[in-house]
Protein chains: 2
Amino acid sequence: MSVGIRHDDLRRRNRAMVISAVRRAGQPSRTEIAATTGLSHSTISAISADLIQEGILTESKASEPTALKRGRPQIGLALNPEAAAVLTVVLSLNFLSVAVIDYAGQVVAEEQQRLDTLVMPRDDLIGECVAIVRRRLQDPDLDVSSVARLAMGIQGITDSHARAMLWSPITPLTDIPFADILEQEFGIPATMENDCNMMAVALQWRDPERYRDDFIAILLSHGIGMGLVLKGALFTGTHSSGGEFGHMIHRPGGALCRCGRRGCVEAYAGNYAIWRSAMKMSEDAEPVDVGDADMRALAAKAREKDGPEREAYRRAGEALGFGLGSLFALIDPAPVAMVGVSAAAFDLIEPALRAAIAQTAGGQHSESISFDTEPNELPLIREGCAMRALTFVDQEIFAPGMQARAGSGKNVA
Amino acid sequence: MSVGIRHDDLRRRNRAMVISAVRRAGQPSRTEIAATTGLSHSTISAISADLIQEGILTESKASEPTALKRGRPQIGLALNPEAAAVLTVVLSLNFLSVAVIDYAGQVVAEEQQRLDTLVMPRDDLIGECVAIVRRRLQDPDLDVSSVARLAMGIQGITDSHARAMLWSPITPLTDIPFADILEQEFGIPATMENDCNMMAVALQWRDPERYRDDFIAILLSHGIGMGLVLKGALFTGTHSSGGEFGHMIHRPGGALCRCGRRGCVEAYAGNYAIWRSAMKMSEDAEPVDVGDADMRALAAKAREKDGPEREAYRRAGEALGFGLGSLFALIDPAPVAMVGVSAAAFDLIEPALRAAIAQTAGGQHSESISFDTEPNELPLIREGCAMRALTFVDQEIFAPGMQARAGSGKNVA
DNA sequence: AACATTTTTTTCGACACCCGCAATAAATAA
DNA sequence: TTATTTATTGCGGGTGTCGAAAAAAATGTT
């Protein structure tokens with residue numbers, strides 16, 4: 001049922017491709033773009049002339065350090081920062097932050113706020129989110145009409161269309177259609193993204209060498225989350241955001257998980273599980289939230305001497321290793337980024353993880369699987385939301401389907 | 001790095017789309033094709049005139065039963081059976097079969113053969129495969145030059161480019177580049193496909209209502225295999241054929257698996273595992289191949305009275321249930337087809353499977369997950385290979401990139 | 001300093017493709 | 001026999017891309 005390609009789609013797609021090439025490459029010349037896209041110079045010339053005229057791209061002659069070559073110097077093309085703006089909202093445990101980002105990807109304003117997400121009633125939680133966005137949009141330095149997209153990120157499960165939060169560990173509330181709420185409130189298209197997916201998106205932009213076609217981002221925090229990129233594209237479930245790595249089964253009928261079930265990977269490797277194990281509490285003990293400082297202290301103790309703390313990290317590593325082994329059986333091994341506060345304790349986790357993965361089919365060449373760590377997840381999530389929103393603007397607003405293109409070309413420098 | 005769309009790609013893609021629409025719909029009229037593809041009537045008219053002229057499609061006025069409508073009757077378009085042919089090779093335990101299929105998908109010739117795959121030396125195994133293909137190609141009824149593609153299917157792991165068998169349970173041999181071998185021998189493009197992937201492809205063609213965008217085909221046989229379709233496309237690993245569901249970890253350090261590791265799903269749910277368990281053998285006992293007749297007898301005994309046989313199936317169901325639960329945590333639930341000899345014993349497996357999956361995050365609405373069974377996998381594998389090869393011909397040969405189109409239009413009726 | 005060389009970018013003419021609309025074809029209903 | 005309905009084809013127009021040539025903008029050379 002895939003649909004045919006019309007003649008006008010052609011221009012649309014090639015426009016999108018040029019924009020995307022510029023966003024990826026920074027300041028490519030027309031010749032470079034022609035090379036990477038495979039289109040002819042004439043076409044690139046025509047499209048970029050359009051884009052410059054519409055104020056989406058600018059010519060940046062500022063490429064002095066090139067020189068030293070014969071021939072006419074290349075003219076770098078860059079994204080016009082004033083072409084549009086996007087706004088990100090990241091909601092995490094007891095913490096809310098927003099940022100305004102210009103079209104070139106630079107943060108131009110931000111605001112953060114503490115709040116008790118675990119106990120707030122539904123209307124308050126929604127209200128605070130709406131209020132902080134409104135404050136940013138009312139900033140006199142900001143041209144509201146240029147804000148073309150809102151992207152919200154949250155820890156937990158979202159639906160596969162990125163419209164609503166279905167479930168989250170940071171609140172007992174469920175099924176909040178944040179995307180619809182924000183759209184109705186501000187009249188700006190919005191999405192509700194899963195935090196780990198956004199981490200993966202951000203990594204892809206930060207380090208495209210390492211994180212390109214296939215890789216995994218795992219959040220080691222209160223819960224265990226995963227963002228998965230396969231064949232260059234973000235992998236999502238068929239109904240939800242999917243990739244609930246933390247709730248793959250490690251030991252059938254095993255330790256109590258925060259999700260209410262038993263034996264999930266998270267029930268051995270989540271912060272609360274490590275804590276519970278280190279404190280020699282029962283595996284049936286109710287999960288509790290553990291502060292980052294406490295986790296760091298726990299890791300320090302585990303490094304100091306062998307004892308229940310070290311054993312707790314060992315068990316976490318084992319659960320993660322067998323879980324990754326099962327995952328790798330499905331998708332083949334890929335580079336892994338460990339993100340979050342417990343990623344700072346990865347030295348304690350890694351030996352058991354590697355030992356476990358080596359016992360699985362997916363870990364055939366376990367020594368060659370490489371792990372990278374990044375203790376702070378929030379900047380990654382924000383960055384991912386920003387890039388998600390910006391690429392939406394690139395594709396859907398600046399290379400629109402069949403809508404009138406009038407009105408989108410604005411803010412000419 | 002995705003490449004731009006050139007002007008000539010346009011026609012190519014739309015040609016491919018028309019062919020694909022005809023293959024899917026059977027005998028659609030030009031108007032129907034225009035509707036499903038979204039292209040204009042003029043375009044469809046022009047493209048189908050080309051395709052008819054080249055002998056790829058034919059007009060089949062044979063649609064008498066339509067009638068009863070006013071207006072000019074539709075002219076059905078059909079694939080010209082003589083436009084090309086493909087050849088499938090299915091290699092399974094002690095069994096080799098080939099079939100020649102015409103462009104419309106009808107089997108025109110087949111041949112089968114027993115052989116001792118487990119003990120054959122490398123050259124003999126390859127030699128037998130080549131020989132049986134050669135015999136079919138030398139059939140005087142067949143125009144060799146019309147054979148446009150070979151597709152071979154094998155139980156086991158293949159590489160992600162469908163070129164080579166990497167590992168298979170039917171032989172101790174590894175890394176046989178069957179695709180290259182066949183191509184060199186016969187000068188016809190070939191692929192080496194994973195059996196379960198082909199089962200999934202076949203199901204998608206057989207019952208597109210049920211098996212469309214997202215579904216799972218699981219082979220319950222000597223080993224446990226899986227073919228996975230996500231968002232309408234066959235899912236493969238990044239390096240191998242992937243989807244080694246049978247080697248996800250059910251119980252860390254548990255029963256001995258045929259792969260040499262411990263605790264895999266297959267070590268509880270493969271035929272040998274069920275047999276081992278029913279015979280009250282140790283979980284460390286070396287896996288043995290069990291005949292289909294023995295498995296059917298075992299299932300009969302399990303149905304008759306409660307005992308170790310029934311318990312063995314229960315355990316298999318549990319392993320499959322927890323495995324599916326972990327899988328569903330990643331991709332969300334989807335319809336499942338159980339294929340293979342033990343699928344005929346699914347009545348014995350299902351209760352424990354459902355009980356297990358209900359204990360997992362992926363089994364949230366476990367009662368709504370539906371299972372279908374199909375005891376005979378070989379026809380499915382062959383069908384999948386055939387469709388794979390035919391769609392390749394559709395896309396790469398009859399809607400070629402920039403190659404000269406001369407020489408592909410042949411066999412005009 | 002003038003001219004040659006190199007490389008990038010733009011311009012121009014040609015060609016291919018798709019679309020919309022009108023015309024034609026082929027049936028049924030009145 | 002004529003009107004109506006539906007399917008298919010033909011034609012003119014518009015748009016997009018490509019290739020080749022020209023123009024532009026630098027460095028090297030004499």
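**Sheet pairing and DNA surfaces in a predicted model**

In this predicted model, A:Leu219 has A:Gly225 of E12(A) as its bridge partner.

User: What makes strand E11 and strand E12 of chain A count as a pair?

Analyst: Two strands pair if there are at least two bridges between them, and strand E11 (residues 215-220) of chain A is joined to strand E12 (residues 224-230) of chain A by six bridges, in the antiparallel sense; the two therefore count as paired.

User: Why is one side of strand E13 and of strand E15 of chain A left without a neighbour in the sheet?

Analyst: The open sheet of chain A has five strands in the order E13-E12-E11-E14-E15, with mixed pairing. Strand E13 (233-234) and strand E15 (371-374) stand at its edges, and each has a single partner strand, so one side of each has no neighbour in the sheet.

User: Which helix packs on the sheet, and which strands are touched?

Analyst: Helix H6 (residues 195-206) of chain A packs on the sheet, where H6 touches E11, E12, E13 and strand E14 (336-339), and the direction of H6 makes about 45 degrees with that of E12(A).

User: How do the residues near DNA strand C divide by class?

Analyst: The surface near DNA strand C has seven nonpolar, 14 polar and nine charged residues.

Conventions:
Residues numbered from 1 in each chain as written. Chains lettered and ligands numbered in written order. Predicted model: local features only at pLDDT ≥ 70, side-chain atom pairs only at ≥ 80, totals over all residues. Helix = DSSP H or I, 4+ residues; strand = E, 2+ residues; numbered from the N terminus. Contact = placed C-beta atoms within 7 Å. Axes fitted to C-alpha atoms, helices over the stretch in contact; angles between N-to-C directions. Nonpolar A, V, L, I, M, F, W, Y, C, P; charged D, E, K, R; others polar.
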